[in-house]
Amino acid sequence: KALGLEHPDTSISLNNLANLYADQGLYKKAEPLYQRALAIAEKALGPEHPSTATSLNNLALLYINQGLYEKAEPLYRRSLAINEKALGLEHPSIATSLNNLANLYLEQRSYQQAEPLYQRSLAIYEKALGSEHPDTAMSLNNLAEVYRAQGLYEKAEPLHQRSLAIREKALGTEHPDTSQSLNNLASLYHDQGLYKKAETLHVRSLAIREKASGLEHPDTSISLNNLANLY
């Protein structure tokens, strides 16, 4: 009320509220809020502003979570173009946009499109943030998943190992991101029939997720299913 319906801070508040709904899977509630936040950012800050790119990213992710890839892709591409123009080609936000677009292709099993985007994202993060930053670990993890999906286990394993080591050092041994690295490395071993190695990591991942996220969280369910599939 104090700032008005078209103020940029109103856009931020709408995005935050939409995030809460999206995290609960309440996509029909989240979508109009994201769309309104985007419209405000475009009008108040301009269609080429980084905040507009953020709103585009949020809306695109909502569509991906619903499997609406055709709606998400042009939003991610527009967000990437905005950030490249506004921030330069080596800004961490470019790496984030590249990673988001690559995630979309990974979801669709378009590995040849995803791989170069992840590689470029990784190179930017390493240069801008350093080789031990959690965002670098995220890109390593995602690139490894592209290789794992194609059965390129020798290329995937060292990336997953490095991602896990970074996350354990930077975030701690009980962080959800550490659990993700454990889970993905375990799945890599599972794919190769290395069940004992996979079991040890899945058990660790499950324990972290139960403690950090609770027994009813979807990630905990994933870890339980992955462990059950070993037996």
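Let's start with glutamate 174, which counts as partly exposed at 44% relative accessibility (buried means under 20% relative accessible area, exposed over 50%, and partly exposed in between, using a 1.4 Å probe and protein chains only). This is a predicted model, where local features need pLDDT of at least 70 and side-chain atom pairs count only at pLDDT 80 or more, while totals for chains, interfaces and linings use all residues. Residues are numbered from 1 along each chain as its sequence is written, and side-chain values use heavy atoms, with hydrogens and water left out.

What does lysine 211 form with glutamate 174? Lysine 211 makes a salt bridge with glutamate 174, and the closest N and O atoms are 2.9 Å apart (a salt bridge is a side-chain nitrogen of Lys or Arg within 4 Å of a carboxyl oxygen of Asp or Glu). Lysine 211 sits in helix H10 and glutamate 174 in the loop between helix H8 (153–171) and H9, so the pair ties together parts that are 37 residues apart in sequence. Helices here are DSSP runs (H or I, at least four residues), numbered from the N terminus. Lysine 211 counts as exposed, at 63% relative accessibility.

How many salt bridges does the structure hold? There are nine salt bridges in the structure. Salt bridges that share partners join Glu145, Arg148 and Asp191 into one network.

Helix H4 (residues 69–87) holds both arginine 77 and glutamate 73, four residues apart, or about one turn of the helix. Their side chains meet in a salt bridge at 3.4 Å, N to O. Arginine 77 is partly exposed at 43%, and glutamate 73 is partly exposed at 25%. Another bridge, at 2.9 Å from N to O, brings together the side chains of glutamate 84 and arginine 120. This one links distant parts of the chain, with glutamate 84 in helix H4 and arginine 120 in helix H6 (residues 111–129), 36 residues apart. Glutamate 84 is partly exposed at 24%, as is arginine 120 at 32%.

## Helices H9 and H10

Two packed helices are described by the angle between their axes and the distance between the axes. For H9 (residues 176–191) and H10 (residues 195–213), the axes come within 8 Å and cross at roughly 155 degrees. Axes are lines fitted to C-alpha atoms, for helices over the stretch in contact, and angles run from 0 to 180 degrees between N-to-C directions. H9 and H10 are therefore roughly antiparallel to each other (the label for angles over 145 degrees).

The contact includes Leu182, Leu185 and Tyr189 of H9, and Leu201, Ile208 and Arg209 of H10 (contact means heavy atoms within 4.5 Å). By class, the contact has ten nonpolar, eight polar and three charged residues. Ala, Val, Leu, Ile, Met, Phe, Trp, Tyr, Cys and Pro count as nonpolar, Asp, Glu, Lys and Arg as charged, and the others, Gly among them, as polar.

## Two buried residues

Is asparagine 99 buried or exposed? Asparagine 99 counts as buried, at 3% relative accessibility. Its place is in helix H5 (residues 92–107). Leaving out residues up to four places away in sequence, asparagine 99 touches Tyr118, Ser121, Met138, Ser139 and Asn142.

Serine 11, in helix H1 (residues 8–23), is buried as well, with a relative accessible area of 5%. With residues up to four places away in sequence set aside, serine 11 touches Ala37, Ile40, Ala41 and Ser55. The C-alpha atoms of serine 11 and serine 51 are separated by 9.0 Å, and these residues are 40 residues apart along the chain.

Terms used: Parallel < 35°, antiparallel > 145°, perpendicular 65-115°, else oblique.
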